Amino acid sequence: RFFATPVCQMKFNRRLQAHLTPEWRKQYISYGRLKALIYAAQQNSPSLGNVRANEEYFSEEENKYTEEINFELRKVGAFFKVRELEAKSKFALLQAEVQKLAKLSSGGEASRERILIPRDTALDLFASGAVKVGKKGGETTKRVRRVVEAGSMETG
């Protein structure tokens, strides 16, 4: 059982605080609050002699904790979904802008040679910005990179 075992003293919270993006602080998992729930469950547990009461208590506490962590995960998932949609929107705008610039520089329809360098440059800029935006997003960053790489392959 998750709650029945002693909680290890981990340095995770320090690492999390050191690497978080300050303006996104409220969107991160509330690690301290979740950790406090575990400690409270351990401190308020029934005496060790009553096995049945302990099992019921920790089962109930585990259900509460699971609800809380699922809430936190939905909160983080929703936040990064919005960031992903913003990145896709910016990518589409960049693509349109690059195409306009290519047409202007060629005086008409852009040739592959002329669009290749500006588009690759724009994709590189977008990729670095998207990685920065999605830095803490794991799966979101991977999806953005796949989109950028697919965009790069279309030009070559």
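Where do Glu 84 and Lys 88 both lie, and how many residues apart? Both are in helix α3, four residues apart, about one turn of the helix. Helices are DSSP runs of H or I with at least four residues, numbered from the N terminus.

The model is predicted; local features need pLDDT of at least 70, side-chain atom pairs count only at pLDDT 80 or more, and totals for chains, interfaces and linings use all residues. Residues are numbered from 1 along each chain as its sequence is written, and side-chain values use heavy atoms, with hydrogens and water left out.

Eight salt bridges were counted, each a side-chain nitrogen of Lys or Arg within 4 Å of a carboxyl oxygen of Asp or Glu. In the Glu 84 to Lys 88 bridge, the closest N and O atoms are 3.8 Å apart. Glu 84 is buried at 3% relative accessible area; buried means under 20%, exposed over 50% and partly exposed in between (1.4 Å probe, protein chains only). Lys 88 is partly exposed at 43%.

Arg 33 and Glu 72 also form a salt bridge (2.6 Å, N to O). Arg 33 lies in helix α2 (residues 31-43) and Glu 72 in helix α3, so the pair ties together parts 39 residues apart in sequence. Arg 33 is partly exposed at 35%, whereas Glu 72 is buried at 1%.

The largest nonpolar core has eight residues, among them Leu 16, Trp 24 and Phe 80. Helix α3 (residues 51-106) supplies the largest share, three residues. Such a core is a set of buried Ala, Val, Leu, Ile, Met, Phe, Trp, Tyr and Cys residues joined through side-chain atoms within 4.5 Å.

Conventions. Helix = DSSP H or I, 4+ residues; strand = E, 2+ residues; numbered from the N terminus.
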